[in-house]
Amino acid sequence: MNKLTLSIVLAAMAVAPLAAQEESALEGLVKVQGARLDAAYLMPGVDFRSYTKVMLDPTEVAFRRNWQRNYNSGTRTGRITNSDMTAAAERVRTGFEEIFAEAYRRAGYEVVTQPGPDVLRLRTGVFDLFVNAPDQMTAGRSRTYSVEAGEATLVLEARDSETRALLGRAFDRRTAGDNTVGMRTSVSNQADFEQLFHQWAQLSVRSMEELKARSPITDPATARQRR
């Protein structure tokens with residue numbers, strides 16, 4: 001599966017939970033009950049205890065469908081250009097990757113760039129990204145106040161780095177900056193989304209530790225049959 005195809009598939013799953021469940025079922029994954037994220041699926045029999053390093057693929061970023069068009073249709077000044085979209089996506093990608101890598105380093109994992117028997121490959125995506133009142137301040141533009149900076153969906157996929165075998169997939173949708181009403185600017189939006197990325201990174205690390213404690217992963221159906 002090439003990079004473009006992966007982006008399309010993950011983006012579709014991020015905005016369509018049923019499609020995600022069907023896709024996971026087809027690939028042999030089973031849904032995990034009580035997961036920290038909105039939905040998580042794992043491959044039965046996988047032992048995560050052997051993974052002490054992580055290899056992070058470049059984060060895929062996709063804005064909500066028609067977000068740029070809808071925003072521009074409501075304003076005559078400070079319109080969002082395609083260049084603005086590209087630059088924003090790049091800021092999201094680099095910021096997310098740095099935060100994710102640092103979280104795993106702090107947890108004791110070595111972040112590497114080459115496959116190995118003890119390396120877990122993580123593919124991440126920030127999809128259906130919606131930014132509330134982006135800061136496109138120009139002469140005569142009114143200020144916008146909002147509680148939230150926006151929303152986004154995390155897609156996280158784990159694979160064995162050598163065989164590329166699919167081990168798990170998770171999804172989580174969250175709001176960024178759902179605190180006090182204030183004027184929205186590029187600075188406040190970036191700070192709120194960075195805080196969201198920190199939350200996702202910590203959830204990923206904690207989930208990894210829980211998976212190690214539960215390894216090897218048991219098929220829920222098999223466990224029920226044994227009772």
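The legends below describe close-up views of a predicted model.

**View 1. Lining of the second largest pocket.** The second largest pocket holds about 360 Å³ of space. Its lining is made up of 25 residues, and those nearest the pocket centre are Ala 40, Leu 42, Ala 170, Ser 207 and Leu 211. At least two lining residues come from each of β2 (39–42), β6 (119–131), β8 (150–160), β9 (166–176) and α5 (186–214). Helix α5 gives the largest share of this lining, six residues. Sorted by class, the lining of the second largest pocket comprises 15 nonpolar, five polar and five charged residues.

**View 2. Salt bridge between Lys 53 and Asp 118.** The closest N and O atoms of Lys 53 and Asp 118 are 3.7 Å apart, and the two residues form a salt bridge. Lys 53 belongs to strand β3 (residues 53–56), while Asp 118 sits in the loop between β5 (110–112) and β6, so the contact ties together parts that are 65 residues apart in sequence. Lys 53 is partly exposed, at 24% relative accessibility. Asp 118 is also classed as partly exposed, with a relative accessible area of 21%; the buried class requires a value under 20%.

**View 3. Salt bridge between Arg 64 and Asp 128.** An N to O distance of 3.3 Å describes the salt bridge between the side chains of Arg 64 and Asp 128. This pair links distant parts of the chain, 64 residues apart: Arg 64 is in the loop between β4 (60–63) and α3 (67–73), and Asp 128 is in strand β6.

View 4. Glu 90 and Arg 93 form a salt bridge in which the closest N and O atoms are 2.5 Å apart. Both residues lie in helix α4 (residues 82–106), with a separation of three residues, or about one turn of the helix. Glu 90 has a relative accessible area of 37% and is partly exposed. Arg 93 is partly exposed as well, at 24%.

**View 5. Salt-bridge network.** One network contains Asp 57, Arg 121, Arg 123, Glu 157, Arg 159 and Arg 169, joined by salt bridges that share partners. In the whole structure, the search finds 18 salt bridges.

Methods:
Residues numbered from 1 in each chain as written. Predicted model: local features only at pLDDT ≥ 70, side-chain atom pairs only at ≥ 80, totals over all residues. Heavy atoms only, no water. 1 Å grid on protein atoms, 1.4 Å probe; cavity = no way out; pocket = protein on both sides within 12 Å on 5 of 7 lines; lining within 4 Å. Points joined across faces, edges and corners; volume = space filled by probe spheres on them. Helix = DSSP H or I, 4+ residues; strand = E, 2+ residues; numbered from the N terminus. Nonpolar A, V, L, I, M, F, W, Y, C, P; charged D, E, K, R; others polar. Salt bridge = Lys/Arg side-chain N within 4 Å of Asp/Glu carboxyl O. Buried < 20%, exposed > 50% of the residue type's maximum accessible area, 1.4 Å probe, protein only.
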